[in-house]
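Hello,

Here is the structure we talked about passing on. My notes on the pockets follow below it.

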Amino acid sequence: MDGAQPRGRSQAEIDEKLDLRARLAVEHLARLAAEGPERDCCLCGYRGRFSPVRTKPGIWCPSCDSRPRHRLFKLWLDRGGAAEIEGRRVLHFASEPILTAVVQPLAARYATADILPGHDLHLDMEAIDQPDASWDVAIANHVLEHLDDRKALAELHRVLAPGGLFLVTVPLVEGWAETLENPAWTSPEDRRAYYTDPLHLRFYGRDFRDRLAQAGFAVEDFTAVEPDVFRFGLQRGETLFVARKAAAPGAGR
Ligand SMILES: [Zn+2]
């Protein structure tokens with residue numbers, strides 16, 4: 001039986017199959033957008049169907065453009081996180097306006113930061129031009145995969161005050177023990193193929209927690225589970241990492 005294989009299709013049949021499957025996929029997404037289940041947006045209060053983005057059905061709130069990670073962040077705020085932000089100094093990297101709208105009113109001081117123009121502070125996360133312990137909370141959604149994360153995490157730890165929080169999400173596969181990161185993959189084509197985006201430098205595994213710990217943070221997970229996933233259109237199993245710098249010795253006594 002060596003080499004036995006099922007008979008494959010002819011090239012003409014394959015071309016037809018490819019075309020059919022592509023059309024069915026588009027129809028499927030269109031049908032879900034028109035007739036799929038209703039969700040609640042915990043950010044803007046919209047209730048109704050969410051729209052697809054590329055291959056993913058029902059992830060984008062059509063009223064405020066929030067993505068699942070933004071709604072996960074809002075749930076964290078609503079379930080105790082807001083008390084961690086209230087009256088604090090908050091530095092928001094690559095800020096999303098929809099999150100600025102809910103975080104800024106809580107903060108004593110709030111600044112957006114980016115290497116691109118148009119933000120409150122022009123900062124490179126690998127070398128943050130801010131004094132030690134000058135912020136209480138840092139936020140960065142889907143930023144670390146774009147840069148040298150060891151440098152960035154060391155810098156974030158430095159600029160945070162004792163007890164300070166780093167709130168972070170990244171593209172991550174929990175089934176991978178180790179982060180996929182190959183320095184030989186430098187072309188946009190390779191990065192798109194392996195990391196899904198030409199500007200990404202890695203795709204994290206669950207050892208992301210170790211990277212946070214190595215930088216000095218104690219890590220807690222805030223993970224999207226049911227019934228929240230269905231109700232709020234979250235990404236199943238997505239985690240907001242709540243990374244905390246150790247409090248100063250004697251603090252809280
Ligand atoms: Zn919304």
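Please keep in mind that this is a predicted model.

By class, the lining of the largest pocket consists of 20 nonpolar, 11 polar and 12 charged residues. This pocket has a volume of about 1100 Å³. Its lining counts 43 residues, and those closest to the centre are K56, I59, R67, P68 and Q235.

Six elements each give at least two residues to that lining: the helices α1 (11-35), α2 (68-85) and α7 (228-232), and the strands β3 (51-53), β4 (56-60) and β11 (239-245). The largest share, four residues, comes from β4.

The second largest pocket holds about 410 Å³ of space. It is lined by 18 residues, with A94, D114, H142, V143 and H146 nearest its centre. Nine of the lining residues are nonpolar, six polar and three charged. Here α2 and β6 (109-114) each supply at least two residues.

Is K74 buried or exposed? Its relative accessible area is 14%, and because the cut-off for buried is under 20%, K74 counts as buried. Beyond its neighbours within four places in sequence, K74 is in contact with C42, L43 and V102.

Regards

Key
Residues numbered from 1 in each chain as written. Predicted model: local features only at pLDDT ≥ 70, side-chain atom pairs only at ≥ 80, totals over all residues. Heavy atoms only, no water. 1 Å grid on protein atoms, 1.4 Å probe; cavity = no way out; pocket = protein on both sides within 12 Å on 5 of 7 lines; lining within 4 Å. Points joined across faces, edges and corners; volume = space filled by probe spheres on them. Nonpolar A, V, L, I, M, F, W, Y, C, P; charged D, E, K, R; others polar. Buried < 20%, exposed > 50% of the residue type's maximum accessible area, 1.4 Å probe, protein only. Contact = heavy atoms within 4.5 Å.
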